[in-house]
Amino acid sequence: MSRLDVFIDRMVSQRACIDFAVQATSHLSGPVFELGLGNGRTYDHIREVVSGRDIFVFEREVASNPASTPPEDRVLLGDVRETLPAALARFGATASIIHADLGGHNLERNDQFARAISPAIEPLLAVGGLMVSSDCMYFEALTEIEIPENAVAGRCFIYRKDA
Ligand SMILES: C[S@@+](CC[C@H](N)C(=O)[O-])C[C@H]1O[C@@H](n2cnc3c(N)ncnc32)[C@H](O)[C@@H]1O
């Protein structure tokens with residue numbers, strides 16, 4: 001499998017899992033958190049498919065395509081290891097969806113980072129909320145659920161807060 005194949009599988013899976021999460025949480029009104037703006041592609045998709053919910057973006061340095069750059073007051077600028085705990089104080093356990101795509105090319109480092117930030121992500125989710133990630137996460141009380149049929153196993157993960 002080439003890197004192009006892996007990239008395409010990741011993109012297809014991100015869209016499928018985001019679409020699934022938006023539909024599955026449509027009864028919730030809490031904010032949507034996008035962790036890792038990057039070029040802004042998944043942010044752009046999220047804002048297309050989410051309505052009636054606020055979208056906040058966590059990013060250490062905004063460098064997105066101008067066509068998909070969020071308003072300044074919707075960006076939590078800084079390292080997520082600091083902005084996630086600050087968000088808990090500000091929002092509490094209210095997020096209906098948290099989408100994370102924070103990884104780079106080093107898979108081992110991505111895994112270590114996922115382990116490090118999982119405890120800071122977990123308390124932000126509302127009951128019934130979904131966490132969608134391109135990396136496997138390490139939560140204590142969230143349930144990993146099946147990804148949609150059109151997503152590729154291993155390229156995307158979905159976790160739900162049941163209680
Ligand atoms: C793979 S890109 C996201 C791509 C995005 N999903 C898109 O569709 O364009 C990862 C982003 O996460 C950000 N990031 C990585 N580690 C971070 C950290 N510790 N705190 C804040 N942002 C971080 C990087 O700056 C980068 O913009």
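I count Ala, Val, Leu, Ile, Met, Phe, Trp, Tyr, Cys and Pro as nonpolar, Asp, Glu, Lys and Arg as charged, and the others, Gly among them, as polar. With these classes, I divided the lining of the largest pocket into 11 nonpolar, 14 polar and 12 charged residues. The model I am reading is predicted.

**Largest pocket**

I looked up its size and found a volume of about 1300 Å³. I listed 37 residues in the lining of the largest pocket. Nearest the centre of this pocket I noted Arg 10, Asp 101, Leu 102, Gly 103 and Gly 104. I then asked which elements each supply at least two residues of the lining. I wrote down helices H1 (3-24), H2 (41-49), H3 (80-91) and H4 (107-121), together with strand E2 (55-59).

**Ligand**

Where does the ligand sit? I found that the space it takes is the largest pocket. I counted 17 residues around the ligand, and the closest are Asn 39, Thr 42, Glu 59, Val 80 and Asp 101. By class, I sorted the shell around the ligand into 4 nonpolar, 7 polar and 6 charged residues.

I next checked backbone atoms against the ligand. For Asn 39, I read 3.0 Å between a backbone N or O atom and an oxygen atom of the ligand. For Val 80, I have a polar backbone atom 2.9 Å from a nitrogen atom of the ligand. For Arg 60, the distance from a polar backbone atom to a nitrogen atom of the ligand is 3.2 Å. How much of the ligand's accessible area does the protein cover? I noted 85% of the 610 Å² that the ligand has on its own.

**Cavity**

I searched for cavities of 30 Å³ or more and found 1. The largest cavity has a volume of about 60 Å³. I recorded its lining as Ala 100, Leu 102, Asn 110, Phe 113, Ala 114, Ile 117, Ser 133, Asp 135 and Met 137. I found that H4 gives the most to this lining, with 4 residues. By class, I have 6 nonpolar, 2 polar and 1 charged residues there.

Terms used. Residues numbered from 1 in each chain as written. Predicted model: local features only at pLDDT ≥ 70, side-chain atom pairs only at ≥ 80, totals over all residues. Heavy atoms only, no water. Near = heavy atom within 4 Å. Polar contact = N/O pair within 3.5 Å; in protein donor to acceptor, adjacent residues only side chain to side chain. Areas by Shrake-Rupley, 256 points an atom, 1.4 Å probe, with all protein chains shown as cover. 1 Å grid on protein atoms, 1.4 Å probe; cavity = no way out; pocket = protein on both sides within 12 Å on 5 of 7 lines; lining within 4 Å. Sits in = over half its atoms within 2 Å of the grid points. Points joined across faces, edges and corners; volume = space filled by probe spheres on them.
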